[in-house]
Amino acid sequence: MRSRAAMASAPCRLYLITPPRLDDLAAFGRVLSQALDAGDVAALQIRLKDAPDDVVAAAVDVLTPVAAARDVAVILNDRPDLAARLGCDGAHVGQDDAPYAEARRLMGKDRIVGVTCHNSRHLAMEAAEAGADYVAFGAFFPTATKTPKTRADPEILTIWQETMETPCVAIGGITVSTAREIARAGADFVAVSAGVWSHGDGPAAAVKAFNAELAAGVAERAIQA
């Protein structure tokens with residue numbers, strides 16, 4: 001199991017989120033293998049909104065070995081109770097899900113708990129002070145994956161990076177063409193779903209392209225500093 005150290009602050013890394021439906025787990029497992037082999041990925045979030053527990057459990061069962069073999073943390077969205085029972089490396093909770101304290105109690109002290117904070121530094125500071133392993137800001141761009149409740153400006157990443165130590169994840173409509181801007185602004189991790197799985201040249205090519213853009217953004221950030 002990848003521990004909390006897996007989400008320690010580091011140069012900007014890719015954080016993949018599954019498509020909202022996985023009708024053919026075996027096929028997606030093969031696609032995921034190719035994507036993870038194409039470049040650095042820190043984490044895979046399994047996000048199957050409103051799916052029955054057995055469907056989520058099946059996805060965790062199939063995808064965890066693929067990720068674990070490549071030292072990629074597996075994080076379950078919304079359900080820290082299920083994440084703990086299934087042995088996931090972490091859980092991600094939104095503002096309408098289980099409170100951070102409950103998620104931490106369920107997951108234990110060594111596993112990852114991340115918190116959605118929309119475009120609010122106040123929510124993020126509360127989560128960080130409570131002990132969250134990362135805070136997630138967004139959405140930064142229009143996205144078809146979900147209907148975002150808020151829009152965030154990249155400046156929030158810069159301010160966070162300058163004032164707080166807890167890693168921040170940028171999420172929401174990020175593509176290869178916008179990834180460099182987000183990395184330059186100060187994201188520690190960039191969460192992507194459709195930007196990888198629906199990429200015109202395929203997910204593996206997308207992972208390569210994202211990593212190149214994130215590295216360029218980090219280098220530009222260093223020059224600006």
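Residues are numbered from 1 along each chain as its sequence is written, and side-chain values use heavy atoms, with hydrogens and water left out. Because the model is predicted, local features need pLDDT of at least 70 and side-chain atom pairs count only at pLDDT 80 or more, while totals for chains, interfaces and linings use all residues.

**Helices α7 and α9**

Two packed helices are described by the angle between their axes and the distance between the axes. Helix α7 spans residues 176-185 and helix α9 spans residues 203-224; helices are DSSP runs of H or I with at least four residues, strands are runs of E with at least two, and both are numbered from the N terminus. The axes of α7 and α9 come within 7 Å and cross at roughly 30°. Axes are lines fitted to C-alpha atoms, for helices over the stretch in contact, and angles run from 0 to 180 degrees between N-to-C directions. The crossing angle makes α7 roughly parallel to α9 (angles under 35 degrees count as roughly parallel).

On the α7 side, the contact (heavy atoms within 4.5 Å) involves V176, A179, R180, A183 and R184. Their partners in α9 include F210, L214, V218 and R221. By class, the contact of α7 with α9 has 9 nonpolar, 2 polar and 5 charged residues. Here Ala, Val, Leu, Ile, Met, Phe, Trp, Tyr, Cys and Pro count as nonpolar, Asp, Glu, Lys and Arg as charged, and the others, Gly among them, as polar.

**Aromatic pairs**

The structure holds 3 aromatic pairs, where rings of Phe, Tyr and Trp (its six-membered ring) pair if their centres lie within 6.5 Å. Two of them are listed below; each is edge-to-face (planes over 60 degrees apart).

| Pair | Distance between ring centres | Angle between planes |
|---|---|---|
| F28 and W197 | 4.9 Å | 65° |
| F137 and W160 | 5.6 Å | 70° |

F28 in helix α1 (residues 25-37) and W197 in helix α8 (residues 194-197) are 169 residues apart, and their pair links distant parts of the chain. Both F28 and W197 are buried (under 20% relative accessible area, with a 1.4 Å probe and protein chains only).

F137 lies in strand β6 (residues 134-138) and W160 in helix α6 (residues 155-163), so this pair ties together parts that are 23 residues apart in sequence. F137 counts as buried at 0% relative accessibility, and W160 counts as buried at 1%.

**S33 in helix α1**

S33 lies in helix α1 and counts as buried at 17% relative accessibility. Not counting residues up to four places away in sequence, S33 touches V66 and R70.

Key
Angles under 35 degrees count as roughly parallel, over 145 as roughly antiparallel, 65 to 115 as roughly perpendicular and the rest as oblique. Rings of Phe, Tyr and Trp (its six-membered ring) pair if their centres lie within 6.5 Å; planes under 30 degrees apart count as stacked, over 60 as edge-to-face and the rest as tilted. Buried means under 20% relative accessible area, exposed over 50%, partly exposed in between (1.4 Å probe, protein chains only).
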